[in-house]
Amino acid sequence: MIKQIINTLLIFTLFPVGTFAQLTPEAEAARNKGIVLYKQSDWYDSQPLLEIAATEGDRTAQYYLAEAIRLSKRYTTAVAKKWYEAAAEQGDLYAMLRLSSGGDLCRIIGTCGGESGEQWNEHALKAASERAKNDDPEAMRVLYILGKGLKWLEKAAETGDGRSQYSLALAYKNGQGWFLIPGNREKAVERWAKASAEAGYPPGMYFYADVMYKKNSGPNNEVAYWLKKSAEAGHLAVVVSYALNVAHLPDTYGYPLNLIEAYGLIYLVSQLTGGGAAPEDARRNLPDIAARMTPEEIQQGIAYAAEWERTHPPLSYYPPIYGY
């Protein structure tokens with residue numbers, strides 16, 4: 001198994017992602033829908049869709065399928081481990097990280113089997129180190145996760161990658177890094193949060209809005225702008241709050257009153273079947289908005305939801321690829 005993995009990783013460094021599995025259109029559609037459901041915390045309904053593409057050899061589907069199984073079962077089952085290994089053998093760094101974890105219940109109860117966590121850690125380190133030479137921000141983030149220093153996350157952020165910029169801003173906020181001059185830590189957090197927002201990463205938009213809210217001791221036009229942008233990107237942690245403000249329940253950010261838009265967004269979120277607080281919040285608040293609308297306006301709101309869904313990114317909690 002180890003020789004097979006090493007040989008696969010050597011091949012992987014020579015060819016771009018996507019040359020291994022050529023999915024049928026049906027499998028590609030299933031994978032994309034499965035990932036959408038997964039990112040809405042629907043860990044059950046996503047599995048049959050992801051399995052279609054995973055069986056055809058798609059490493060992204062293999063990784064997310066393993067994650068969905070692990071999260072729904074609360075530990076790495078034998079089936080989840082099979083899919084992590086399949087993704088890892090195709091060079092998926094996050095799958096290697098999962099397989100290297102020593103804290104998973106499957107290792108505690110002795111059902112993980114196969115290579116040890118230390119061996120998978122070595123595989124991840126070797127593969128990430130090679131890819132980092134080509135300024136791959138994902139590989140640099142993995143080196144940071146592997147404990148090789150904050151410098152790797154800083155290097156990843158400097159490539160312009162919004163996800164890495166967001167992670168670096170959070171790392172600084174949480175006390176990592178050295179700042180001798182008072183106030184420089186806060187400036188660094190703001191700088192990288194803004195960079196992430198401007199790079200188009202929705203969690204970065206939301207985080208930057210929060211940074212500016214606290215800096216200015218309340219809402220302002222910049223905060224309102226980035227909250228709206230993150231909602232338009234489908235960030236589920238924001239959409240319901242934004243919609244309630246558009247309905248003036250309450251009117252915190254000065255958005256124009258638009259009950260049709262507010263109802264449409266709340267209705268759209270209310271239809272989700274995944275976990276998290278957003279769908280329940282939406283279902284709880286939908287009647288309050290409907291009570292202020294005519295039946296015709298409610299139908300317009302439902303039509304708005306359909307149009308919004310067609311023209312915007314899928315609703316998502318934007319969970320970390322690796323981290324929970």
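A total of 14 salt bridges is counted in this predicted model, a salt bridge being a side-chain nitrogen of Lys or Arg within 4 Å of a carboxyl oxygen of Asp or Glu. Because the model is predicted, local features need pLDDT of at least 70 and side-chain atom pairs count only at pLDDT 80 or more, whereas totals for chains, interfaces and linings use all residues. Residues are numbered from 1 along each chain as its sequence is written, and side-chain values use heavy atoms, with hydrogens and water left out.

One of these salt bridges is formed by K215 and E190, whose closest N and O atoms are 3.1 Å apart. K215 lies in helix α13 (residues 202-215) and E190 in helix α12 (residues 184-198), so this pair ties together parts that are 25 residues apart in sequence. Helices here are DSSP runs of H or I with at least four residues, and strands are runs of E with at least two, both numbered from the N terminus.

Within helix α13, the side chains of K214 and D210 also meet in a salt bridge, at 3.2 Å from N to O; these two residues are four apart in the helix and are therefore separated by about one helical turn. K214 counts as exposed at 53% relative accessibility, while D210, at 27%, counts as partly exposed; buried means under 20% relative accessible area, exposed over 50%, and partly exposed in between, with a 1.4 Å probe and protein chains only. In helix α17 (residues 278-290), R283 and E280 are three residues apart, which again corresponds to about one helical turn, and their side chains meet in a salt bridge of 3.9 Å, N to O. R283 is partly exposed at 38% relative accessibility, and E280 is partly exposed at 45%. A network of salt bridges links E28, R31 and D58.

D42 is placed in the loop between α2 (25-39) and α3 (46-55). Leaving aside residues up to four places away in sequence, D42 touches L37, T273, G274 and G275, where contact means heavy atoms within 4.5 Å.

Over the chain as a whole, there are 18 helices and zero strands. Of the 324 residues, 48% count as buried, and among contacts with a separation of 6 or more, residues 24 or more positions apart account for 58%.

Two packed helices are described by the angle between their axes and the distance between the axes. Here the axes are lines fitted to C-alpha atoms, for helices over the stretch in contact, and the angles run from 0 to 180 degrees between N-to-C directions. Helix α10 (residues 150-158) and helix α11 (residues 162-173) pack at an angle of about 140°, with their axes 8 Å apart. That angle makes α10 oblique to α11, given that angles under 35 degrees count as roughly parallel, over 145 as roughly antiparallel, 65 to 115 as roughly perpendicular and the rest as oblique. The contact is made by L150, L153, E154, A156 and A157 of α10 together with S164, Q165, S167, L168, A171 and Y172 of α11. The axes of α3 and helix α4 (residues 59-73) come within 8 Å and cross at roughly 150°, which means that α3 is roughly antiparallel to α4. In this pair, S46, Q47, L50, E51, A53 and A54 of α3 meet A61, Q62, Y64, L65, A68, I69 and S72 of α4.

Y172, in helix α11, is buried at 7% relative accessibility. Apart from residues up to four places away in sequence, Y172 touches L150, E154, F179, R185, A188, V189 and W192. Y172 and L150 are 22 residues apart in sequence, and their C-alpha atoms are 9.7 Å apart in space.

Most residues other than glycine have a negative phi, and most peptide bonds are trans. In this model, a cis peptide bond with omega of about 5° joins L249 and P250, and P250 is placed in the loop between α15 (236-246) and α16 (259-270). D135, a residue other than glycine, has a positive phi near 60°; D135 is found in the loop between α8 (117-132) and α9 (137-145) and is exposed, with a relative accessible area of 53%. Y318 likewise has a positive phi, of about 45°, although it is not a glycine. Y318 is placed in the segment after α18 (295-311) and counts as partly exposed at 22% relative accessibility.
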